[in-house]
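Hi,

Here is the structure I said I'd pass on.

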Amino acid sequence: MKDDIKIFSTNTDCTEVKLALQQSLQKSIQALQSNPKNNIVKEKTDCTANYTVKSTLANLGKITNYHYKKAIQKRKEDEVQWREIKVVKKLRMTYSISDYKDFFNAYCRASSFERRDVIDNLFKKLGL
């Protein structure tokens, strides 16, 4: 299944959007700085505006990343399976081989309700 959702068709489209965002943010920064009440407000506005520009561009890069979009889509499709995968990966790293094998055998034998309860409890305990 290929990309059903395409935000940008080419890299140039992405670059154009980044430039447009940056220009609009610069205009808003200038509007804020043109009428400050005192120098403290001006300095604070400058710091906040620089942070806003950087965070907006970073988020734009994040949301246009193919792998990030795929992970978000997978989580939206089936949250229970996504939680199960995260918990099992974490247990695989922390348990010994024999303990993990015993847990997984018992987990496979459990009913679907018991599985869901176990996954929810472990998700909370492991802080995922």
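**What I found**

The protein chain has an accessible surface of about 10,400 Å², and carbon and sulfur atoms account for 54% of that. Accessible areas here come from the Shrake-Rupley method with a 1.4 Å probe, and for residues only the protein chains shown count as cover.

Before you read on, keep in mind that this is a predicted model: local features need pLDDT of at least 70, side-chain atom pairs count only at pLDDT 80 or more, and totals for chains, interfaces and linings use all residues. Residues are numbered from 1 along each chain as its sequence is written, and side-chain values use heavy atoms, with hydrogens and water left out.

**Overall fold**

Of the 128 residues in the chain, 13% are buried; buried means under 20% relative accessible area, exposed means over 50%, and partly exposed is in between, with a 1.4 Å probe and protein chains only. If you take contacts (heavy atoms within 4.5 Å) between residues at least 6 apart in sequence, 59% of them join residues at least 24 apart.

**Salt bridges**

What holds opposite charges together here? Side chains of opposite charge can pair when their charged atoms come close. There are three salt bridges in the structure, each being a side-chain nitrogen of Lys or Arg within 4 Å of a carboxyl oxygen of Asp or Glu. Arg75, Glu79, Arg83 and Asp120 are linked by them in a network.

- Arg75 pairs with Glu79, with the closest N and O atoms 3.4 Å apart. Arg75 is partly exposed at 35% relative accessible area, and Glu79 is partly exposed too, at 33%.
- Glu79 also pairs with Arg83, where the closest N and O atoms are 3.8 Å apart. These two are four residues apart in helix α4 (residues 79-94), which means about one helical turn separates them. Arg83 counts as partly exposed, at 23%.
- Asp120 pairs with Arg83, with 3.4 Å between the closest N and O atoms. Asp120 lies in helix α6 (residues 112-126) and Arg83 in helix α4, so this pair ties together parts that are 37 residues apart in sequence. Asp120 is partly exposed, with a relative accessible area of 24%.

**Surface patches**

Which residues gather in a patch of positive charge on the surface? They are Lys70, Lys74, Lys86, Lys89 and Arg92. Patches are made of residues with over 30% relative accessible area and no salt bridge, joining like charges within 9 Å and nonpolar side chains (Val, Leu, Ile, Met, Phe, Trp, Tyr) within 5 Å. Lys and Arg count as positive and Asp and Glu as negative, while His and the chain ends are not counted. The place of a charge is taken as NZ of Lys, CZ of Arg, CG of Asp or CD of Glu.

Helices α3 (66-77) and α4 each supply at least two residues of the positive patch, and α4 gives the most, with three. Lys70 sits in helix α3 and is partly exposed at 36%.

There is a nonpolar patch as well: Ile63, Tyr68 and Ile72 make up about 230 Å² of surface. Ile72 is found in helix α3 and is partly exposed, at 33% relative accessible area.

**One more residue**

Lys54 is in helix α2 (residues 39-63) and is exposed, with a relative accessible area of 63%. Lys54 and Gln22 are 32 residues apart in sequence, and their C-alpha atoms are 9.3 Å apart in space.

Cheers
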